Amino acid sequence: MIETNIDLQPHNTLAVSARSAHFARVQTLEQLREALAFARERQLPILPLGGGSNIVLTGDFPGLAIQVDLRGFSLIAGDSGYSVEAAAGENWHQLVMATVQKGLGGLENLALIPGKIGAAPIQNIGAYGIELCDRFVSLQAMEVVSGTLHEFSAQDCAFSYRDSVFKGSLRDKYIITQVNLYLPGVWQAHVDYPALRQYLAEQNWNANALTPAQVAQAVIEIRNSKLPLPDRIPNAGSFFKNPIVDNTSYQTLKAEHPDLVAFAAGDRWKLAAGWLIDRAGWRGIRRNAVGVHELQALVLINPGRGAGSEVTQLAEEIVEDVHAKFGVSLEPEPRYYP
Ligand code: FAD
Ligand code: EPU
């Protein structure tokens with residue numbers, strides 16, 4: 001079951017070639033437990049893998065990469081809505097489309113996000129005005145040190161923008177095995193996100209008579225118009241989080257740059273990192289194998305299938321330049337390994 005010296009290039013959407021000392025694909029909870037025991041006995045670090053769309057391999061991985069391939073999902077009708085229970089290895093977008101095709105609303109804004117169900121809570125995936133936490137009920141996860149299963153409520157997960165307890169105090173401590181969501185019976189379209197509203201207006205769609213399938217279609221078309229498909233141009237989506245700054249910093253920047261794009265986030269402001277990087281002049285640049293996507297400056301690309309270090313070097317240059325030009329610190333969104 002455990003393979004050795006495996007190239008992870010097919011397992012990460014940046015298409016970085018890096019070898020894992022050990023590799024296991026697990027399809028049952030028992031196999032996952034055995035894989036964790038194997039790593040524990042040898043004191044190996046582990047790398048849980050879904051679709052590899054939010055990781056950067058900066059070198060060979062000296063431990064055990066575990067491809068979590070648990071399958072199966074169910075949609076259960078309740079009194080006032082639907083419960084969705086999905087195993088960690090199911091594809092996120094396929095789950096979204098399965099609900100939408102049944103006429104069920106709630107996940108449509110999150111269509112076409114790459115990756116697996118099990119990774120969705122790690123950074124509380126979000127797009128077009130909705131985050132996973134808006135539909136989240138609970139998850140099951142296996143504790144790495146003991147192999148026992150635990151249940152986590154939404155509160156336990158401590159979700160916030162692109163963050164959860166699994167990136168903080170419980171980092172590397174649990175493998176998510178199942179995620180449970182709830183889709184309200186009474187559906188309302190959420191189409192306030194500027195690009196979505198603009199797209200619907202251009203299509204002359206009646207915002208009051210939309211179906212979940214139409215919203216999903218709109219989201220898919222907007223995404224396809226600017227985000228590169230990893231199969232064709234390797235990438236990891238947004239490479240940086242949108243930085244959140246206080247009101248004073250926002251007002252100062254806005255006075256200097258009246259066309260700055262920002263969204264209110266409580267009493268603070270979330271700045272569009274793509275705008276900052278674009279304005280700093282990076283959109284479309286190439287550095288040997290890697291570069292910045294010409295249609296979305298927040299997306300770093302690896303068309304030449306270079307090493308992860310080429311990607312992280314470019315990212316560092318961008319961070320320094322954006323800080324020098326705007327005084328704003330950018331933080332990478334994908335996790336670096338090892
Ligand atoms: P992986 O990259 O395999 O893993 C990500 C992290 O989660 C790693 O640290 C990994 O160890 C950990 N992990 C994976 N599975 C488990 C598990 N079962 N248990 C414990 N830990 C686990 N994200 C958004 O939020 N919104 C977007 O709109 C969006 N658009 C994207 C567009 C593109 C083109 C790309 C390439 C990425 C985009 N992303 C987006 C990022 C990415 O799709 C999400 O973060 C997704 O949830 C990652 O899923 P994955 O299965 O590929 O995770
Ligand atoms: N912009 C530019 N130039 C660019 C890129 C963007 O000026 O090169 C401007 C756009 O014109 C727009 C604003 O920046 O006014 C925001 O752009 P966009 O709507 O494309 O969204 P984003 O902030 O760049 C975020 C998420 C995406 C998510 C979209 C839609 C983060 C880090 N990224 O991108 O998530 O799909 O919103 O909700 O929050 C991901 O996490 O991997 C990801 C793709």
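1. Start with one strand pair. E13 and strand E19 (residues 299-301) are paired antiparallel, through 2 bridges. Serine 238 has valine 299 of E19 as its bridge partner. Keep in mind that this is a predicted model.

2. Serine 238 returns at ligand 2. One of its backbone N or O atoms lies 2.8 Å from an oxygen atom of ligand 2. Aspartate 278 places a polar side-chain atom 2.8 Å from a nitrogen atom of ligand 2. Glutamate 333 has a side-chain N or O atom 2.7 Å from an oxygen atom of the ligand. On its own, ligand 2 has 830 Å² of accessible area, and the protein covers 82% of it.

3. Next, the shell around ligand 2. There are 22 residues around this ligand, and Tyr128, Tyr161, Tyr193, Asp278 and Glu333 come nearest. By class, the shell has 10 nonpolar, 7 charged and 5 polar residues. Helix H5 (212-226), strand E13 (235-238) and helix H7 (273-279) supply at least two residues each. Which of the elements gives the most to this shell? H7 does, with 3 residues.

4. The domains put ligand 2 in context. The domain assignment gives domain 1 (2-68), domain 2 (73-184) and domain 3 (235-337). Why does ligand 2 lie between two of the domains? Domain 2 and domain 3 both give residues to its shell, so it lies between them. As for domain 1 and domain 3, their centres, taken over C-alpha atoms, are 29 Å apart. Their contact takes 14 residues from domain 1 and 16 residues from domain 3.

5. Of the 35 residues around it, Pro48, Gly51, Ser53, Arg223 and Tyr337 come nearest. A polar backbone atom of glycine 51 is 2.7 Å from an oxygen atom of ligand 1. Asparagine 54 has a backbone N or O atom 2.8 Å from an oxygen atom of ligand 1. Isoleucine 176 has a backbone N or O atom 2.8 Å from a nitrogen atom of ligand 1. How much of ligand 1 does the protein bury? Taken alone, the ligand exposes 990 Å², and 94% of that is buried by the protein.

6. Several strands build the shell around ligand 1. Strand E3 (46-49), strand E8 (126-127), strand E12 (174-184), E13 and E20 each give two or more residues. By class, the shell divides into 19 nonpolar, 12 polar and 4 charged residues.

7. Check the backbone in two places. Tyrosine 337 and proline 338 are joined by a cis peptide bond, with omega at about -10 degrees. Proline 338 is in the segment after strand E20 (335-337). Asparagine 5, in strand E1, is not a glycine, yet has a positive phi of about 50 degrees. For background, most residues other than glycine have a negative phi, and most peptide bonds are trans.

8. Strand E1 (residues 2-7) runs antiparallel to strand E2 (residues 19-26), with 5 bridges joining them. Isoleucine 6 stands opposite serine 20 in E2. E2 also pairs with strand E5 (residues 61-68), in the parallel sense and over 6 bridges. There, arginine 25 stands opposite glutamine 67 in E5.

9. Last, the E7 pairings. Strand E6 (residues 73-77) and strand E7 (residues 81-87) run antiparallel and are joined by 5 bridges. The two form a hairpin with 3 residues between them. Serine 74 stands opposite glutamate 85 in E7. E7 is also joined to E12, antiparallel, by 7 bridges. In that pair, tyrosine 82 stands opposite leucine 183 in E12.

Key. Residues are numbered from 1 along each chain as its sequence is written. Chains are lettered from A and ligands numbered from 1 in the order in which they are written. This is a predicted model: local features need pLDDT of at least 70, side-chain atom pairs count only at pLDDT 80 or more; totals for chains, interfaces and linings use all residues. Side-chain values use heavy atoms; hydrogens and water are left out. Two strands pair if DSSP finds at least two bridges between them. Helices (H or I, at least four residues) and strands (E, at least two) are DSSP runs, numbered from the N terminus. A residue is near a molecule or strand if one of its heavy atoms lies within 4 Å of it. A polar contact is a pair of N or O atoms within 3.5 Å; within protein, one must be able to donate a hydrogen and the other to accept it, and residues adjacent in sequence count only if both atoms are side-chain atoms. Accessible areas come from the Shrake-Rupley method with a 1.4 Å probe; for residues, only the protein chains shown count as cover. Ala, Val, Leu, Ile, Met, Phe, Trp, Tyr, Cys and Pro count as nonpolar, Asp, Glu, Lys and Arg as charged, and the others, Gly among them, as polar. Domain bounds come from an automatic or database domain assignment. Contact means heavy atoms within 4.5 Å.
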